[in-house]
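Colleague: Hi! Could you walk me through this one while I have it on screen?

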Amino acid sequence: MKNTTKQTKERLERFKELYSAAVIAADSTRERLNRHMDQYLGSDEIDGSSERASVVRNITYEIIESEINADIPVPKVDTTCYNEARDQNARAIERLSSALRSRLPFEELNDRDERYTYIYGGSVFYVEWDSSQSDNAGEGGVKVHLISPLDFVPQPSIDSVEDMEYCFLHFTTTRSELVTKYGANPDELQLAECEYLADLEDPLGDAVAVIVAFYRDENGQVGKFVFSGDLALDDIPDYYKRKNISADEGSENLEYESVTLADGRQVEIPYYVPGSFPIVVRKNTISDSILLGGSDCERIRPQQQAINKVESRILQKLLRAGVTPIMPEGTAVTLSNAIFGQIIKTRPGESIDNYGKIDTTPDISQDIAEANRLYDQAKRVLGISDALQGLDANVSESGYARQLKIARASSRLETKKRMKHLAYCRIYELIFKHYLAFADEPRRFAWRDTFGKMHFTEFNRYDFIEQDKYGNYYYDDSYLFTVDTNADAQYQSEVLWEINLTNLERGTLGDKTNPTTLMRYWQLQDKAHFPYARENVEYFQNMITSGGANETEGYTEAETAEV
């Protein structure tokens, strides 16, 4: 639908009104989030006072950074009603999600997500199907974006994305991007909204704000509307439905597709249409009637404020402190370039007992004790222990024992971990549903089993076709998404190396002098990313088979190259 039509202009005004009202309603939340970020960055602000702290001991930054977890949850999928075909589909979903988990920049997303969550109380993920992606597997693919809570504007008074009728995402882009991505008319770019105040004097300032609105229509279908200022950029009433694009008549929804079943029959089946917003909110901890969770910054703000006051008082005491000399009247004092700064010359026959000093150096031991007490108090509020921060390191402990100790110490943080797992379950589910809706070609990828053997598998959305009791065909999306809490991601690689070596030495893998056992050991080390483990696996494989087949034997040249 072109953005020059009367209908789209009316819709633009409607969404601008909704967005303005939602922004106003979120003003207090935005102010609170900005205060949290300022605190994390080391603000010297003192609540209720115009004075500023002269010293900021940033315990907020230190404690939050000790919470950062680099682990990315591993997907685990189960069926709601078991049969062999559904179980194979569940494994295909797992491998699809795991492959994308490796390919997409989840390391970077996780790094920002962890900080957003602890600072703001939550973070926002946006999952979209990008039809411009193309590779040898097929057209289109999933993109996952991490959105700052400052750039997510929810429907006022609604604390769950699933219950919202509409919500907004804010992006910053360039005017040229409006032309290339949305096909905007270059002559109308002055209608776009400038992102920065400095650009207001230049109506063609390069940075512009783009607002993406997701909404539900009267039938409960998800729609998408994109605009910048007075410029409508995209209008998709049925966001997930397949479209037949016509330059003359606009876009037309496609309801059914023709599919050839495994038995050769050709049937008509409705296209799969997801029903949820493509947005996932990860909460830090659950807070009533709040879209985001509880912020760690907010919880320890009293301790941060108090410790800044104490540290500022320590500095003031030390700056006023000093040693004042006492000397008789008429004593000659001369300046010098020596390290002592000055020389006091006594008069002939005068005793040094005539001289003295007044030491005004204050006792700050109680202040230091209070600052440390506040720091420990802040850690206890969030459940952070010395073991978690590595402040009680014991060189006599093994890596595995220390990992278990840290795990026990972080038990109070289990709720936060579960909130992260829940968010990733929803992300993996959205990824699956996008591929079920839009991936027309089977998606093929490689995976390695527990024995180190490389396999090729594929995700084919047509494998998910089921027939109901009335004989109607449909796409089955009834799968349960969890995370594998026993996966390698929960451990550090060094700990896994130590566990594997211990198992080898104790004989739990078999006779450690047997090449088969050694090959199994190196396969486990390879899975834990031990340096040069892959070469050792190949060495023992060749030893066992006396120079037998390579693990890629039987595959085509293209398949071997893909490995």
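Modeller: Happy to, and let's settle a term before we start: a cavity here is a set of grid points where a 1.4 Å probe fits but cannot get out. Keep in mind that this is a predicted model.

Colleague: Good. How many cavities of 30 Å³ or more are there?

Modeller: The count comes to 1 cavity.

Colleague: And how much space lies in the largest cavity?

Modeller: About 70 Å³.

Colleague: Which residues line the largest cavity?

Modeller: The lining is made up of R35, D38, Q39, G42, S43, E45, V56, N58, R301, Q304, Q305 and N308. Sorted by class, that gives 1 nonpolar, 7 polar and 4 charged residues.

Colleague: Which helices each supply at least two residues of that lining?

Modeller: Those are α2, residues 27-41, and α8, residues 301-320.

Colleague: Which one gives the most?

Modeller: α8 does, with 4 residues in the lining of the largest cavity.

Colleague: Switching topic to helix packing: at what angle do α3 and α9 pack?

Modeller: Helix α3 (residues 59-67) and helix α9 (residues 365-382) pack at about 35°, and their axes are 11 Å apart.

Colleague: Is the crossing left-handed or right-handed?

Modeller: α3 passes α9 in a right-handed crossing.

Colleague: Which residues make the contact?

Modeller: From α3 you have I59, E62, I63 and E67, and from α9 there are Y375, A378, K379 and L382.

Key
Residues numbered from 1 in each chain as written. Predicted model: local features only at pLDDT ≥ 70, side-chain atom pairs only at ≥ 80, totals over all residues. Heavy atoms only, no water. 1 Å grid on protein atoms, 1.4 Å probe; cavity = no way out; pocket = protein on both sides within 12 Å on 5 of 7 lines; lining within 4 Å. Points joined across faces, edges and corners; volume = space filled by probe spheres on them. Nonpolar A, V, L, I, M, F, W, Y, C, P; charged D, E, K, R; others polar. Axes fitted to C-alpha atoms, helices over the stretch in contact; angles between N-to-C directions. Left-handed = near helix turned anticlockwise from the far one by under 90°. Contact = heavy atoms within 4.5 Å.
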